[in-house]
Amino acid sequence: MRIYADNAATTRMSQTAIQAMLPYFDRVYGNPSSLHSAGQEAMEALTSARERVAKVLGATAREIYFTSGGSEADNQAIRTAAILGKRKGKTHIISTAFEHHAVLHTLKKLEKEGFTVTYLDVHETGLITAGQVAEAITPETCLVTVMYANNEIGTIQPIREIGAVCRKAGVLFHTDAVQAVGHIPVNVDADNIDLLSLSAHKFHGPKGVGVLYARRGIVLQNLIEGGAQERGKRPGTENLAGIMGMTAALEEAVQDLDKTMPRLRDLRDRLIAGLAKIPHSALNGDATQRLPGNVNFCFEGIEGESLLLLLDDKGVCASSGSACTSGSLDPSHVLLAIGRPHEVAHGSLRLTLDRDTTEEEVDAIIRAVDEVVTYLRGMSPVWRDLMLGKRQFVID
Amino acid sequence: MALYSEKVMDHFRNPRNVGVLENADGVGEVGNAKCGDIMKIYLKIDRDTISDVKFETFGCGSAIASSSMATELIKGQPVSEALKLTNRAVAEALDGLPAHKLHCSVLAEEAIKAALKDYYDKNGIAYDESLFPAAHDCDHCGV
């Protein structure tokens with residue numbers, strides 16, 4: 001039996017989404033740019049998908065740009081705001097220390113190009129306040145980019161309030177909503193969002209397709225040059241099957257949110273309560289301002305990669321912020337940003353549930369984590385030193 | 001396709017010689033928790049032969065597997081042979097490690113040597129300093 005608890009990495013495609021894609025491989029396969037009937041059939045589908053996505057987000061169809069996914073949307077949103085800002089002599093950007101790398105690496109690049117970036121402190125809870133944003137805004141600020149919900153620790157930022165601050169100051173506001181859309185209610189209008197990125201495979205849609213929402217009046221700057229697709233802002237023949245799958249998955253995810261959110265929150269809190277019983281463990285991120293399916297813990301005295309591999313042996317698919325799994329020397333920048341010391345951040349575990357997760361699975365995860373943590377601590381010289389008092393516990 | 005060879009996974013899942021030796025003749029600990037790897041080796045030495053060896057490791061799958069393999073390679077060997085252990089021998093015995101995990105085999109070699117040096121020091125045995133080059137500096141955490 002396999003328990004898949006890594007839904008923040010990617011999700012299983014829903015049957016609805018798969019079925020929605022199928023006609024677009026071999027029946028409606030025309031190029032939407034073609035004038036013949038086969039092409040126009042495809043164009044009709046594309047147009048309807050754009051309207052349906054817009055409706056879900058509280059946008060209008062002309063504000064929706066289909067992209068290859070969340071990373072591309074993040075890149076284009078930030079580049080756009082930077083270029084538009086620079087034209088007015090504004091080269092200051094505000095963000096947070098724990099954004100996704102699609103945002104952080106774009107910002108790093110802009111810093112090399114002469115932009116200044118303020119990275120707001122996310123505190124130990126993993127939350128910023130609209131007040132912090134207001135204080136950081138200067139006359140030179142051209143963009144505020146803050147993720148809607150964090151991909152590792154699931155904390156949900158006060159996006160509506162941050163958006164209001166930006167609107168008042170006349171600063172563009174972008175949010176990477178890759179982890180939020182389809183999981184919690186998101187509405188670009190009510191939330192005062194100017195630019196928003198989303199990715200289909202995070203809500204049971206296909207991989208390789210996403211959306212950049214850009215409020216009317218924002219002239220997107222191209223990352224790719226080419227044809228007239230997406231109003232010339234994102235050239236390239238449209239991934240129509242992917243777009244149709246994404247649209248169906250999005251509608252499906254959103255229509256049941258009232259039911260799935262409370263159910264998932266209960267499962268999440270059951271998992272948190274179970275893991276909290278393991279001695280010297282701690283939840284990362286705020287307990288309530290948190291995605292319904294996200295659980296992230298640190299276990300003192302062990303390292304995350306070995307934890308993941310042994311959990312996998314027990315049938316549990318999870319992820320970790322340890323350096324060994326991040327592919328760099330440092331553990332997760334998110335865990336460091338919320339103040340976890342390196343040695344504790346190495347022992348982190350992220351479990352992300354989805355709408356199909358059952359209570360039995362949650363209980364099985366708790367048992368498996370408990371067993372593996374106990375086993376690994378048994379061979380850990382760090383744990384031995386902690387127990388002997390030669391080293392101080394960081395987590396009580 | 002797998003991250004690790006079957007041998008690595010075998011030594012990771014079923015590590016040999018895990019534990020502590022009370023009254024060990026030599027103990028060596030290398031690594032740093034900040035970097036995510038600590039290895040500790042305990043040696044029992046009788047008549048210049050490693051009669052028993054145990055290890056404790058805080059670290060990733062390849063760190064645990066490297067410790068396990070290193071202990072297997074020196075168990076029952078004369079001290080003079082154990083001193084010749086290289087990180088390359090550890091990695092080869094594991095049918096290779098991914099490039100970014102090779103430092104785990106380096107740590108294993110260093111841990112064994114640190115334990116042997118401790119044995120020499122405790123027993124006042126003279127040795128050639130060049131046998132024990134300083135443990136590699138960790139650029140990352142500056143220790």
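This is a short tour of a predicted model, one selection at a time. Residues are numbered from 1 along each chain as its sequence is written, chains are lettered from A, and ligands are numbered from 1 in the order in which they are written. In this predicted model local features need pLDDT of at least 70 and side-chain atom pairs count only at pLDDT 80 or more, while totals for chains, interfaces and linings use all residues.

**Stop 1: chain A as a whole**

Select chain A. It holds 15 helices and twelve strands. Helices (H or I, at least four residues) and strands (E, at least two) are DSSP runs, numbered from the N terminus. The radius of gyration, taken over C-alpha atoms, is 22 Å for chain A.

Of the 396 residues in chain A, 53% are buried. A residue is buried if 20 or more other C-beta atoms lie within 10 Å of its own, exposed if 12 or fewer, and partly exposed in between; C-beta atoms are placed from the backbone. Now think about contacts: two residues are in contact if their C-beta atoms, placed from the backbone, lie within 7 Å. Among chain A contacts with a separation of 6 or more, 73% join residues 24 or more positions apart.

**Stop 2: strand S12**

Select residues 348-352 of chain A. This is strand S12, and five of its five residues are buried. In a regular strand the side chains alternate between the two faces of the sheet. Which residues sit on each side of S12(A)? Ser348(A), Arg350(A) and Thr352(A) are on one side, with Leu349(A) and Leu351(A) on the other. Both faces are covered.

Two strands pair if DSSP finds at least two bridges between them. Find Phe297(A): it stands opposite Leu349(A).

**Stop 3: Leu336**

Select Leu336(A), in helix H12 (residues 333-337). Is Leu336(A) buried or partly exposed? Leu336(A) is partly exposed, because 16 other C-beta atoms lie within 10 Å. Not counting residues up to four places away in sequence, Leu336(A) touches Pro331(A) and Ala345(A). Gly321(A) is 15 residues from Leu336(A) in sequence and 9.9 Å away in space, C-alpha to C-alpha.

**Stop 4: where the chains meet**

Show both chains. Here 20 residues of chain A contact 18 residues of chain B. Helices H10 (304-313), H11 (323-326), H13 (342-345) and H15 (381-387) of chain A each give two or more residues to this side. H10(A) gives the most, with four residues.

**Stop 5: the sheet in chain B**

Select chain B. Three strands form an open antiparallel sheet in the order S1-S2-S3. Strands S1 (26-32) and S3 (49-58) of chain B each have a single partner strand, so one side of each is left without a neighbour in the sheet. Strand S2 (residues 37-46) of chain B joins S3(B) through nine bridges. Look for Ile45(B), opposite Ile50(B) in S3(B).

Finish with two helices. H2 (residues 61-74) of chain B lies across S2 and S3, at about 175 degrees to S3(B). H5 (residues 102-122) of chain B lies across S1 and S2, at about 145 degrees to S1(B). Axes are lines fitted to C-alpha atoms, for helices over the stretch in contact, and angles run from 0 to 180 degrees between N-to-C directions.

Notes
Rg over C-alpha atoms; globule rule 2.2 N^0.38 Å.
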